[in-house]
Amino acid sequence: MKKTLKNFILVIMLVFSFASITSNIFNTSVVVSAKSNVSISAKKLTLLVGKKKRLRIQGTRKKIKWSSSKKSVAIVNAKGTVTAKKEGKATIIAKVGRKKYKCVVTVKRKHTHTYKRTVVAPTCTSEGYDIYTCNCGNTYKSNYIPKINHIEVVDVAIKPTYTQTGLTEGKHCSVCGKVIVEQKIIPRLTPSEASNVECFIVNSYKTWKPGSSYKEYIEYAVDPVAIEKEDMGNDKFKTTITVNLVVLHKTQNAPNTIKGEWLFISDGHTAGGGMYSVSDVEEGEIRQVKFTNYDMTPGNYRVTFSSYFG
Ligand SMILES: [Zn+2]
Ligand SMILES: [Zn+2]
C-alpha cells in the first residue's frame with residue numbers, strides 16, 4: 001500500500017516537472033535525494049587496545065543510536081566514540097531511523113613492532129626502497145634509491161619499397177616499453193626511386209661500311225655521363241641517359257656516320273630502345289647524345305648498345 005502511494009506521488013511529481021507548472025516541485029525532489037546521502041565517517045578502523053576514535057554520521061540531523069556487536073572487544077558511547085578493549089573484531093553500528101551504518105573495528109594488542117626488512121630493487125619506472133613489515137601489519141619504507149635508466153633496445157630501420165612504407169631507426173625500453181626514439185614512417189619509394197638503371201658497355205663499338213667485308217669502319221667508345229630518372233605519375237617513370245660517343249678510329253674509306261642501337265632490358269625483356277645516328281664525325285671527336293625511354297614501370301633496367309652497319 002505504502003509503495004503504491006509513493007509511486008503515485010512520483011508520477012505526480014514527474015508530470016508536474018515536465019509541465020513546468022512550478023519549480024518548487026523540482027526543489028522538493030532534490031531534498032529527497034539529499035536525505036538518502038547519509039554516510040559513516042569510516043567503514044573500517046584499526047585501534048590498539050585502550051585507544052579511542054570518534055565515528056561520525058554525516059548528512060542527517062536525526063537521532064543516532066550507536067551500538068557494538070562485541071562489547072568485550074570495542075565499545076561505543078552515545079556520541080560515537082569507540083574505545084578498544086581487547087584484541088579481536090567488533091562491528092560498530094549506527095542506527096538512523098530504520099537504516100544502519102556499520103564500521104568494522106579491528107583491535108590489536110599493544111606490542112613492540114618486530115620488523116622484517118625486504119629490499120625492493122629500483123626499476124626504470126619506480127624507485128627502490130627497503131620495506132619493513134611487522135606481522136601486525138604495520139609497515140614503513142626507507143633507504144630510497146632513485147629509478148634506474150631505461151634499458152635501450154634498437155628498433156631497426158626498415159627500408160621503404162615501391163609497395164611498402166619504411167621506418168626510421170628507433171629505440172625503446174625493453175623493460176617498460178617506453179619509446180625513447182620514435183620510429184618515423186618513411187614514405188613509399190616512387191617508381192624512379194624504386195628502380196635501378198645501369199648501362200652495360202663494351203670496350204668499343206664499330207659502324208661498318210656495307211660491302212667492305214668489315215674492313216672499313218668507325219670505331220667508337222660509349223662513355224655514360226649521366227642517368228636521370230623522373231616520375232611521370234600513374235606509376236610510371238622516364239629515364240634519360242646521356243653518353244659521350246668518343247670516336248677512337250676511322251679507317252681510310254670509313255663512313256662518317258656512327259649508327260647503333262640502344263635497348264632497355266628488364267628481366268630479360270626488351271622494355272624500350274631505338275636507333276641512333278650521329279653524322280659528320282671526325283677521329284678524336286667526342287659527341288654527346290641523349291636517349292630517353294618513357295612509360296617505364298618500376299624495376300631493374302640495363303641499357304645496352306650495339307653496333308650497326310652504316
Ligand atoms: Zn607490530
Ligand atoms: Zn624502462
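Reader: Is I286 buried or exposed?

Author: The model is a predicted one. I286 lies in strand β24, which spans residues 286-296. The cut-off for exposed is over 50% relative accessible area. I286 has a relative accessible area of 53%, so I286 is exposed.

Reader: What distance separates the C-alpha atoms of I286 and L248?

Author: I286 belongs to strand β24. Along the chain, I286 and L248 are 38 residues apart.

Reader: How many of the 7 residues of strand β11 are buried?

Author: Strand β11 covers residues 128-134, and a residue counts as buried under 20% relative accessible area. The strand is largely enclosed by the rest of the structure, because the number of its 7 residues that are buried is 6.

Reader: Which residue in β11 is the bridge partner of Y115?

Author: Strand β10, residues 115-120, runs antiparallel to β11, and 6 bridges join the two. Y115 falls within the residue range of β10. In β11, its bridge partner is C134.

Reader: And which residue in β12 is the bridge partner of I131?

Author: β11 is also joined to strand β12, residues 139-145, by 5 bridges. These two strands run antiparallel. For I131, the bridge partner in β12 is K141.

Reader: Which residue takes a positive phi in the hairpin of β11 and β12?

Author: The hairpin has 4 residues between its strands. One residue there has a phi near 105 degrees, and that residue is G137.

Reader: What is the phi of D267, and is this residue buried or exposed?

Author: D267 sits in the loop between β22 (258-266) and β23 (269-278). Its phi is positive, about 50 degrees, although D267 is not a glycine. With a relative accessible area of 69%, D267 is exposed.

Reader: Where is D280, and what is its relative accessibility?

Author: D280 is in the loop between β23 and β24. D280 is not a glycine, yet has a positive phi of about 55 degrees. D280 counts as exposed, because its relative accessibility is 52%.

Reader: Which residues gather in a patch of positive charge on the surface, and in which strand is K102 found?

Author: The patch is made up of K63, K65, K95, R98, K100 and K102. Strand β9 spans residues 99-108. K102, one of the patch residues, is found in strand β9.

Note on methods: Residues are numbered from 1 along each chain as its sequence is written. Chains are lettered from A and ligands numbered from 1 in the order in which they are written. This is a predicted model: local features need pLDDT of at least 70, side-chain atom pairs count only at pLDDT 80 or more; totals for chains, interfaces and linings use all residues. Side-chain values use heavy atoms; hydrogens and water are left out. Patches are made of residues with over 30% relative accessible area and no salt bridge: like charges are joined within 9 Å, nonpolar side chains (Val, Leu, Ile, Met, Phe, Trp, Tyr) within 5 Å. Accessible areas come from the Shrake-Rupley method with a 1.4 Å probe; for residues, only the protein chains shown count as cover. A salt bridge is a side-chain nitrogen of Lys or Arg within 4 Å of a carboxyl oxygen of Asp or Glu. Lys and Arg count as positive and Asp and Glu as negative; His and the chain ends are not counted. The place of a charge is taken as NZ of Lys, CZ of Arg, CG of Asp or CD of Glu. Buried means under 20% relative accessible area, exposed over 50%, partly exposed in between (1.4 Å probe, protein chains only). Two strands pair if DSSP finds at least two bridges between them.
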